[in-house]
Amino acid sequence: MVGDIGILFKIRIGHTNSGSSPSWHCKEIQLWNMSSGKKFYIPVQRWLARDQEDGEICREFPVLNKGQPMLPGTLECWNSSKCVHFCLWGKGRFRIQTTISIEELLQFFKRTRNGWFLDDVIIKDPITNHEYTFFCHRWLDQGEDDGKISRELYATDNSIIFARQKLELNRKETWAAERWKFMKGNTLQFYNRLTGGFVRLHPDGTVDAVGEKTDKYGLFDVIFNKGNICIFQSHEMRHLSLAVDNSNVTGMASGGACTELRVLYQPNRCALLESALVPGQIVTFDHLGKTADESSAGYADLSKEFVVFVKGVFLNSAVVLLATSLCQALCLQPDGSCTGVGSQSEKSYWKVHKISSGICMFESVKNAQMYLRIRDGQCDGTGTGDTDCHFKIKKNLENASISLESMKSPGLFVGLQPDGQAKPIIYTKNGNVFFYPQVIKFGRENPMGMSATASQEEEKIHESKNQQETLPESEAKCSLLSSAANSNRK
């Protein structure tokens, strides 16, 4: 028995799944308007049970009224219980169960919670089995982009064209996130996932991809870059650079046309190295680590993709960004908590304090004297610089990410929950412990006591930011990330 609830459009019915036998098969719903005498009959014939059908315990059904729309205009869609698997800090998918008509849903998709970068929306009509794709690729956040938290999206008709556009956009975004690695003065290593080794350039000019991480012939200095075209000079032999000559991967005199390589990033954060002189000729290795081309072996036995590492990322006093996706980063919140859905801006910058080889502390640049820590089962940014704030840096060769393991509590890593909040977790390979570092300012080998003060560091960062604002948008982020790129790093 309820009071006057106005015009009926839908009914939501469910239960809390409590009690010894909560499963319920609902046959039908009957409603009676005691004032008008009008009756409504809604056939259901569905289970509301965790152990039956699709496991839902709450469902919505339309109330059909002749001459009335199925549902009113814009609708905030109700998320099913499955949405807990949606990861705001990375890539994720979740299912929405709603009785809104597909015609209306095609016109409007609304998000009311701030802080979400919406890539696209794919809707499948279970009756027609047809999929509708809505491209967005923008923020729904009052603090990002244009500040809007709702957008009107339109379906993309040609799925093939859409897929190509999305792939190209992902490549451009990945390059924007990774281009800081290829600034002049950086020292790089190229890891080949097929061979499990690093690319090496030997004194006789031969090249392979079976080097160890510590191999001196596997280090390359960026001595030239123009956009995504670079020259990678051997760090050990300054007269040789990586080159592609008539499809042959070799070492040649630095500065020659064959040594100019175009970096092509893939959405998986791996890079291709293509000859700038002859497009289509790409640095390729077989499963034994020998240089090859597609005609010399089966395609499955070849690898063209490389995971790129930069030397000297975590030197003392460096300022870094710990990206969680192409557009988000680990950020200290005003209440001292940490989230992985922070924007890639100054508020997400961390200053590195090197304790010893491979062990560092991370101090918030925006909030001096506040350090990332794991303590008492919590992970936040309220550390004071004691041993709770010491982290061992684990480098993940497969994707160039790093993971932060607590030195005080071995086995616990800085991780992210589905809502993006930081939490100590055990290492897994599902991505919730992966952070992709970006260097804002390179550090140096000086002891901690000799590092610049917090105010000096902030002044340098503000100076870089001011310089950035005078550059074209396509060069701005690259300039900021590469400030002091020529400083001493090993």
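This is a predicted model: local features need pLDDT of at least 70, side-chain atom pairs count only at pLDDT 80 or more; totals for chains, interfaces and linings use all residues.

**Around Leu 372**

Guide: Setting aside residues up to four places away in sequence, Leu 372 touches Leu 330, Cys 338, Trp 350, Phe 362, Cys 379, Asp 380, Gly 381, Cys 389, Phe 391, Leu 404 and Val 414, where a contact means heavy atoms within 4.5 Å. Residues are numbered from 1 along each chain as its sequence is written, and side-chain values use heavy atoms, with hydrogens and water left out.

Leu 372 is, with Phe 232 and Phe 362, among the residues with the most contacts inside the largest nonpolar core, which has 53 residues. Such a core is a set of buried Ala, Val, Leu, Ile, Met, Phe, Trp, Tyr and Cys residues joined through side-chain atoms within 4.5 Å; buried means under 20% relative accessible area, exposed over 50%, and partly exposed in between, with a 1.4 Å probe and protein chains only. A second core, separate and of eleven residues, includes Leu 8, Ile 11, Ile 13 and Ile 42.

Another non-glycine residue with positive phi, of about 70°, is Ser 247, found in the loop between strand S15 (240-245) and strand S16 (248-253); Ser 247 is partly exposed, at 32% relative accessibility.

Returning to the core through Phe 232, we come to the aromatic residues. The structure holds 13 aromatic pairs, that is, rings of Phe, Tyr and Trp (its six-membered ring) whose centres lie within 6.5 Å, with planes under 30 degrees apart counted as stacked, over 60 as edge-to-face and the rest as tilted. One of them joins Phe 182 and Phe 232 edge-to-face, at 6.2 Å centre to centre and 65° between the planes. This pair links distant parts of the chain, 50 residues apart, with Phe 182 in the loop between helix H2 (159-178) and strand S10 (187-192) and Phe 232 in strand S14 (residues 229-234). Both Phe 182 and Phe 232 are buried, and the two belong to one aromatic cluster together with Trp 175, Phe 190, Phe 220, Tyr 265, Phe 285 and Phe 306.

Tyr 265 is in contact with Glu 178, as is Arg 269, once the neighbours of Glu 178 within four places in sequence are left aside. Glu 178 lies in helix H2 and counts as buried because its relative accessibility is 3%. The side chains of Glu 178 and Arg 269 are joined by a polar contact of 2.5 Å, meaning a pair of N or O atoms within 3.5 Å, of which, within protein, one must be able to donate a hydrogen and the other to accept it, residues adjacent in sequence counting only if both atoms are side-chain atoms. Arg 269 also lies over the face of Tyr 436, at 3.8 Å from the ring centre; the criterion is NZ of Lys or CZ of Arg within 6 Å of the ring centre and within 35 degrees of the ring normal.

Phe 285, for its part, is among the residues touched by Ser 303, which also include Asn 192, Leu 194, Val 283 and Thr 284, residues up to four places away in sequence not being counted. Ser 303 lies in strand S20 (residues 302-303), is buried with a relative accessible area of 10%, and makes a side-chain to side-chain polar contact of 3.4 Å with Asn 192.

As for confidence, the protein chain averages a pLDDT of 80, and 76% of the residues score at least 70. The pLDDT is below 50 over residues 104-114, a stretch with 40 contacts in the model beyond near neighbours in sequence.

Definitions and conventions. pLDDT is the predictor's confidence in each residue, from 0 to 100. Helices (H or I, at least four residues) and strands (E, at least two) are DSSP runs, numbered from the N terminus.
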